[in-house]
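Open the structure in your viewer and keep the selection tool at hand. This tour moves from the whole chain to single residues.

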Amino acid sequence: MTRVVFYTATTLNGFIADEQNSLEWLFAVEPPPPEEYERFLDSVGVLVEGSTTYEWVLAFERLLKEPAKWAALYGDRPTFVFTSRELPVPEGADVRLVSGDVRPVFRHLREAAGPRDIWVVGGGDLAGQFLAAGLLDEIRIAVAPVALTAGAPLLPLRVESDRLTLRSVEQQGQFAVLTYDVAAGDG
């Protein structure tokens, strides 16, 4: 059964990006074993991200100048980018620019994912839209031993404990990975 998973890294104090929307703080931390990410990615059929996350990845990985890196990072999985403007797409990448509410796009996400999961890559605002719409099944957070003074919050909305059930906690390198099942909301 296809699940919608928000899987991201966060600082100890709940930021997923710094004040410049950068994730460079994350790469200073010893990463988890690569097989952990590979196992997760094998379960994913489609990626979903906001324009800020997408543009940061494009720039950081130099994907417009080196489009072959896209396949190395994500394979041939379609990526839906929620945006209100036109954005560049790396040559050969299956990137679909969409806008508006997540609900009307959800059917297309499920179709593109097939039997595999939908990965909400980020950011927190987009994940919050899926959560508010009652479309998020799991939140998987890799907590890094870093604290920032400001930046993009993990989730910019209030979520009560009756919506989240802790399923697992595990150490992966320097990260504490917390996995929560999300109860359906009023979305």
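Start with the whole chain. For 187 residues, a compact globule would have a radius of gyration near 16 Å, and the protein chain agrees with its 16 Å. That radius is taken over C-alpha atoms, and the globule rule is 2.2 Å times the number of residues to the power 0.38.

This is a predicted model, where local features need pLDDT of at least 70 and side-chain atom pairs count only at pLDDT 80 or more, while totals for chains, interfaces and linings use all residues. Residues are numbered from 1 along each chain as its sequence is written, and side-chain values use heavy atoms, leaving out hydrogens and water.

Switch to cartoon view. The protein chain has 5 helices and 10 strands. These are DSSP runs numbered from the N terminus: helices are H or I with at least four residues, strands are E with at least two. Of the 187 residues, 45% count as buried. Buried means under 20% relative accessible area, exposed over 50%, and partly exposed in between (1.4 Å probe, protein chains only).

Next, select Leu-109. It sits in helix α4, residues 102-113. Leu-109 is buried, at 0% relative accessible area. Its contacts include Phe-80, Ile-118 and Phe-130, leaving aside residues up to four places away in sequence. Contact means heavy atoms within 4.5 Å.

Stay in helix α4 and pick Glu-111 and Arg-107. They form a salt bridge, with the closest N and O atoms 3.0 Å apart. A salt bridge puts a side-chain nitrogen of Lys or Arg within 4 Å of a carboxyl oxygen of Asp or Glu. The two residues are 4 apart in helix α4, so about one helical turn separates them. Both Glu-111 and Arg-107 are exposed.

Now select Glu-55 and Arg-85. Their side chains meet in a salt bridge at 2.9 Å, N to O. This pair links distant parts of the chain: Glu-55 lies in helix α2 (residues 51-61), and Arg-85 lies in the loop between β4 (79-82) and β5 (95-98), 30 residues apart.

Then show Arg-3, Glu-138, Arg-140, Arg-167 and Asp-181 together. Salt bridges link them in a network.

Last stop: Asp-117, in strand β6, residues 117-122.
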